[in-house]
Protein chains: 2
Amino acid sequence: MTAFKYELLKTSGNGRRGRLHTAHGSIETPAFMPIATVGSIKAMRPEEVKAQGADIILGNTYHLMLRPGHELIERRGGYRKFINWQGPILTDSGGFQAYSLSKMRNMTDEGITFTDPYRGHKHLLTPEYSTQIQHSLDATITMVLDECTPYPISRNDMQKSWAQSLKWAKRSRDAWVQREGYAQFGIVQGADHLDLRTQSAEELMEIGFEGYAIGGIVPFKAGNDEAAGLPNFSDQLTVVAEHTAPLLPADKPRYIMGIGFPSDLVRAVMAGTDMFDCVLPTRNARNGHVFVDKSVAEAGHINIRNAKYAEDDSPLDPNCSCDTCQNYSRAYLHHLFKTNEILAFMLLTHHNLAYYQNLMKTLRDAIENDTLAEVGKKLLASVR
Amino acid sequence: MTAFKYELLKTSGNGRRGRLHTAHGSIETPAFMPIATVGSIKAMRPEEVKAQGADIILGNTYHLMLRPGHELIERRGGYRKFINWQGPILTDSGGFQAYSLSKMRNMTDEGITFTDPYRGHKHLLTPEYSTQIQHSLDATITMVLDECTPYPISRNDMQKSWAQSLKWAKRSRDAWVQREGYAQFGIVQGADHLDLRTQSAEELMEIGFEGYAIGGIVPFKAGNDEAAGLPNFSDQLTVVAEHTAPLLPADKPRYIMGIGFPSDLVRAVMAGTDMFDCVLPTRNARNGHVFVDKSVAEAGHINIRNAKYAEDDSPLDPNCSCDTCQNYSRAYLHHLFKTNEILAFMLLTHHNLAYYQNLMKTLRDAIENDTLAEVGKKLLASVR
């Protein structure tokens, strides 16, 4: 059995090139984790996701506890086996969606009560229960349950919230079953109150986790688990990440939750963080929104629904080596999208995820070559 | 350039093992042609369809002339290039859907007038126009426009209809542009009036085509291009195919249009026909309907939506070597289907098409080994 271990291979500025060893395989970092919300990475086969360079994917506890239910997945041998994913998985605590997706929810010291949207009955998501669900899913990396805060939030409210989250972090830790090659991550909160970020990081390190996440960068929006668009989001991300990352142990992985656009990933890597997840590449693909370099389209994306692509024989992104860009024209993808062909979702998702994975590869290479500062600067000018 | 040529490799009973040489590659026969209705074989990538054993696919003239329009496809270099299909394609005349899908349609000597369901204006599909559209699509095999008849149909009505179809066959032939490696097929009609089938075959051979189809086996149902379920359909198929196939030239391919269930394909091969197409494997997959051997489920199919599969860890069909059956459980596929995950459509379509292609392979092998009678009998007992 492999021990869970973060191996720091190289640094460039604050950027870290690492390798995370787990019970279910190793992860080259910085790493982007595609999201398998309710049983699949939408419109993708797992082997295709893997071949694009994803070493780890993310599963959503909230969605899976409701459908098909974590007990059922446990009886199938865990989420990895159930969905045929040959590698490690990370599961979130379920808290974010319990907050953002449930109209009927209530928070107490005990946990979060929310109404099942499919069957109408109540669930009480406690730190212990969240940890147990993630155990049932056989998560390689388990996240603690914490309180998700809105943004902006006053220092006082943030401090109160953190007091709760800290108790929950301890209870999550107590409930977690240590196994060789598995990990549990604590989540640093504090919004943009940097002293609270410091306090949060210190208290979590006191408990001791195998890795640390930076949460609350993407505040929830009630009724929707899509990231709320924040004013000055990129600046805030940089400030918080640059402040928090150095507080965390150098020999442990650092995960910024829920980001982001390609440029956000560049900033986060340059700030010294290692792991990322976001629905943007997959969700946007299903809306026809395609990431491309700014040299291709000024906005850093195109929308394939646009009539101007109806007779455009060029690939989505001429700089991209993905299967979609090598074999299909914008004209064809436009037609598939307009006629609601399933293949449209397959091919656009493939490209967007490849775009993200290629970006991570570029960043990993830049750290290895100690050229992160200049490569990062170029990328920030060329990606959305 | 390769000449269009049917090479008869081996016979077993009436069954024919052949190889069809075309401008765009060769086709091992008997062959099943998956349907790329409006721009894709739904939920499948072309290379996946090819890898399953499909040498040729079918495009629908009616759908493509409306969306995205055949002129647009012509400007893209034809349908094969547009959709990235590395092989020959066959296109139908558009007549079947003009009859079955259009609420407003009218037939005259000139052709079929129908209303565009997307833009509301009228189209007049003549034999010349249908042939020209198929030319724009760069169809390897072009079908003549004929009149689609309901079933049952009186001898007198059938005779009148055939008089029209024969004129249209001649006009289609005159409009077709002969090119090396390309072909045009005439379509034998006559419903279950076998003497009319004979007359139809003779008159078409008089005109002279590169191949011959047997039409009218699957009568249209107004407002729906799904095959109407006929009483004694299988018997009628056998009677008509066994009567008609021997009338046709031995050195030309024989295509029965629009069939069918796996057992129909077995009967059609045993009757001496070579090419088949049907929406059943792809359409049924999207309804959760999965083809399996009768040894697996008595009906020869299962519906993955059924709650009894929620915790079934076995593959769809334990006898199947397809990627879906090798890697995914019924429990997982049931969950994907219940949660409307796109991957459900991808994996079920993959299996159903693999099931059809494996059946064709079994039949081709049986003819090569001259065991078609016994293999066919076994298959008729084991497939739906």
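**Note on a predicted two-chain model**

1. The buried residues of helix α6(B) are Pro127(B), Tyr129(B), Ser130(B), Thr131(B), Ile133(B), Gln134(B) and Ser136(B). This helix, which covers residues 127–136 of chain B, is mostly covered, since seven of its ten residues are buried. Just after α6(B) comes Asp138(B), and its phi is positive, at about 60°. Please keep in mind throughout that this is a predicted model.

2. The next point concerns a pair of helices. Two packed helices are described by the angle between their axes and the distance between the axes. In chain B, helix α9 (residues 233–244) packs with helix α10 (residues 262–270) at an angle of about 20°, and their axes are 9 Å apart. Angles under 35 degrees count as roughly parallel, and α9(B) and α10(B) are therefore roughly parallel to each other. The crossing in which α9(B) passes α10(B) is right-handed. On the side of α9(B), the contact is made by Ser234(B), Leu237(B), Thr238(B) and Ala241(B), while α10(B) brings Ser263(B), Asp264(B), Arg267(B) and Ala268(B). Sorted by kind, the residues of this contact of α9(B) with α10(B) are three nonpolar, three polar and two charged.

3. How many residues of chain A are in contact with chain B? There are 28 residues of chain A in contact with 28 residues of chain B. On the chain A side, the elements that give two or more residues are α3 (70–75), α4 (79–83), α13 (330–338) and α14 (342–368). The residues of the side of chain A that touches chain B divide into 15 nonpolar, six polar and seven charged.

4. In soluble globular proteins, nonpolar side chains tend to be buried together. Here the largest nonpolar core has 243 residues, and those with the most contacts inside it are Met33(A), Ile57(A), Leu333(A), Met33(B), Ile57(B), Phe185(B) and Leu333(B). Helix α14(A) gives the most to this core, with 16 residues. If the neighbours within four places in sequence are left aside, Met33(A) is in contact with Ala54(A), Ile56(A), Ile57(A), Leu58(A), Leu90(A), Met275(A), Phe276(A) and Asp277(A).

5. Is Ala191(A) buried or exposed? A residue is buried if 20 or more other C-beta atoms lie within 10 Å of its own, and Ala191(A) is buried because 24 other C-beta atoms are within 10 Å. Asp370(A) counts as partly exposed, because it has 15 C-beta neighbours inside 10 Å.

Methods
Residues are numbered from 1 along each chain as its sequence is written. Chains are lettered from A and ligands numbered from 1 in the order in which they are written. This is a predicted model: local features need pLDDT of at least 70, side-chain atom pairs count only at pLDDT 80 or more; totals for chains, interfaces and linings use all residues. Axes are lines fitted to C-alpha atoms, for helices over the stretch in contact, and angles run from 0 to 180 degrees between N-to-C directions. Helices (H or I, at least four residues) and strands (E, at least two) are DSSP runs, numbered from the N terminus. Angles under 35 degrees count as roughly parallel, over 145 as roughly antiparallel, 65 to 115 as roughly perpendicular and the rest as oblique. A crossing is left-handed if the near helix is turned anticlockwise from the far one by less than a right angle, and right-handed if clockwise. Two residues are in contact if their C-beta atoms, placed from the backbone, lie within 7 Å. Ala, Val, Leu, Ile, Met, Phe, Trp, Tyr, Cys and Pro count as nonpolar, Asp, Glu, Lys and Arg as charged, and the others, Gly among them, as polar. A nonpolar core is a set of buried Ala, Val, Leu, Ile, Met, Phe, Trp, Tyr and Cys residues joined through C-beta atoms within 7 Å. A residue is buried if 20 or more other C-beta atoms lie within 10 Å of its own, exposed if 12 or fewer, and partly exposed in between; C-beta atoms are placed from the backbone.
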